[in-house]
Amino acid sequence: MLKIAVQKSGRLYEDSIRLLKECGIELNNGNKQLKAAAFNFPLEVYFLRDDDIPQYVYDGVADIGIVGENVLLEKAKDIDRVYRLGFGKCRLSIAVPKAMQYKGVSDLKGLKIATTYSTILQDYLTKNNIDAEIHEISGSVEIAPGIGLADAICDLVSSGSTLFTNGLKEVEVILQSEAVLTANKKLSAENRAILDKLLLRINAVKTAKNNKYILLNAPNKQLKNIAGLLPGIKSPTIVPLQEEGWSSVQSVVNENDFWEVIEKLKEFGAEGIIVLPIEKMIV
Ligand code: PRT
Ligand code: ZN
């Protein structure tokens with residue numbers, strides 16, 4: 001039985017549970033207990049505060065966990081990062097009052113910086129050879145400069161609106177963070193095998209999300225060019241159409257190059273382009 005720690009409530013909770021669901025794992029968690037067992041996979045889910053997850057995984061109370069990379073690095077436990085999950089994206093940044101003249105990182109010298117991320121901040125300051133005072137607080141970091149508690153802050157940012165409403169501007173990005181799957185370094189062989197199964201499923205879900213299935217009609221004289229644009233998993237499927245001189249091409253296309261590929265396909269005379277979502281993709 002593999003034990004996974006996920007956030008009990010908060011920004012990572014829903015995406016974590018959705019991911020397990022997309023992996024075909026059904027939980028018995030009607031009334032949000034401390035833990036829930038999966039019906040159809042050897043997995044037990046522990047619901048915890050995100051800050052506690054690295055310690056629990058390190059101690060082996062949980063074998064694996066889903067946590068923001070920001071928390072993982074801040075807690076600095078000797079545990080593995082096994083998969084970047086692509087949700088809970090944010091950045092850890094330094095912000096200063098809007099009116100402050102800021103030219104570069106050396107302007108932080110001698111400042112008092114409020115944060116809940118003192119480990120990561122200290123690392124950053126040391127690497128940049130900056131001597132500044134870290135003022136560790138446990139929450140509401142963004143109000144610290146306004147009430148005279150600090151000159152600057154180091155906190156998580158996503159849209160930037162919290163900084164804006166508090167009269168601050170983002171001046172340095174220390175870390176780009178997202179939720180990661182983390183694991184204890186000494187998993188039993190049995191649990192390692194279950195984790196491998198889970199990773200295969202996570203990978204299938206994530207790969208599918210990053211790709212689209214594409215079908216189109218292509219003039220035969222352009223098949224080489226079109227196939228070159230759509231290498232797919234191994235190679236595109238090409239089937240002759242009933243109409244002479246035309247073929248149907250089927251392949252997968254990566255979300256990142258999607259529009260660029262579509263434009264080029266049209267230049268090569270592709271017609272009737274249909275794009276479909278993929279539910280799972282095992283390559
Ligand atoms: O109760 P528990 O301790 O488990 O939860 P928590 O309150 O400590 O964490 P929670 O649920 O707020 O965040 C969990 C994780 O989500 C974080 O560790 C990050 O990895 C990730 N995440 C992604 C964020 C944000 N985006 C985010 N915007 N965590 C916090 N914020 C906060 C930020 O601290 C600031 O106050 O949102 C505000 C800034 O947002 P913008 O949009 O105004 O810039
Ligand atoms: Zn927390």
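1. Helices (H or I, at least four residues) and strands (E, at least two) are DSSP runs, numbered from the N terminus. On that basis strand S9 gives the largest share of the shell around ligand 1, three residues. Helix H3 (69-75), S9 (152-157) and helix H5 (161-165) each contribute at least two shell residues.

2. This is a predicted model, in which local features need pLDDT of at least 70 and side-chain atom pairs pLDDT 80 or more, while totals for chains, interfaces and linings use all residues. Residues are numbered from 1 along each chain as its sequence is written, chains are lettered from A and ligands numbered from 1 in the order in which they are written, and side-chain values use heavy atoms, with hydrogens and water left out.

3. The shell of ligand 1 holds 22 residues, a residue being near if one of its heavy atoms lies within 4 Å. Asp51, Asn70, Ser159, Gly160 and Thr162 are the closest. By class, the shell has five nonpolar, eleven polar and six charged residues; Asp, Glu, Lys and Arg count as charged, and Gly is among the polar ones.

4. Oxygen atoms of ligand 1 lie 2.6 Å from an N or O atom of asparagine 70, 2.7 Å from one of aspartate 51 and 3.2 Å from one of serine 161. Alone, ligand 1 exposes 840 Å², of which the protein buries 78% (Shrake-Rupley method, 1.4 Å probe).

5. The protein is divided into domain 1 (2-87 + 178-207), domain 2 (90-177) and domain 3 (211-277), with bounds from an automatic or database domain assignment. Domains 1 and 2 each supply at least three residues of the ligand 1 shell. Between domain 1 and domain 3, the C-alpha centres are 38 Å apart.

Technical notes
A polar contact is a pair of N or O atoms within 3.5 Å; within protein, one must be able to donate a hydrogen and the other to accept it, and residues adjacent in sequence count only if both atoms are side-chain atoms.
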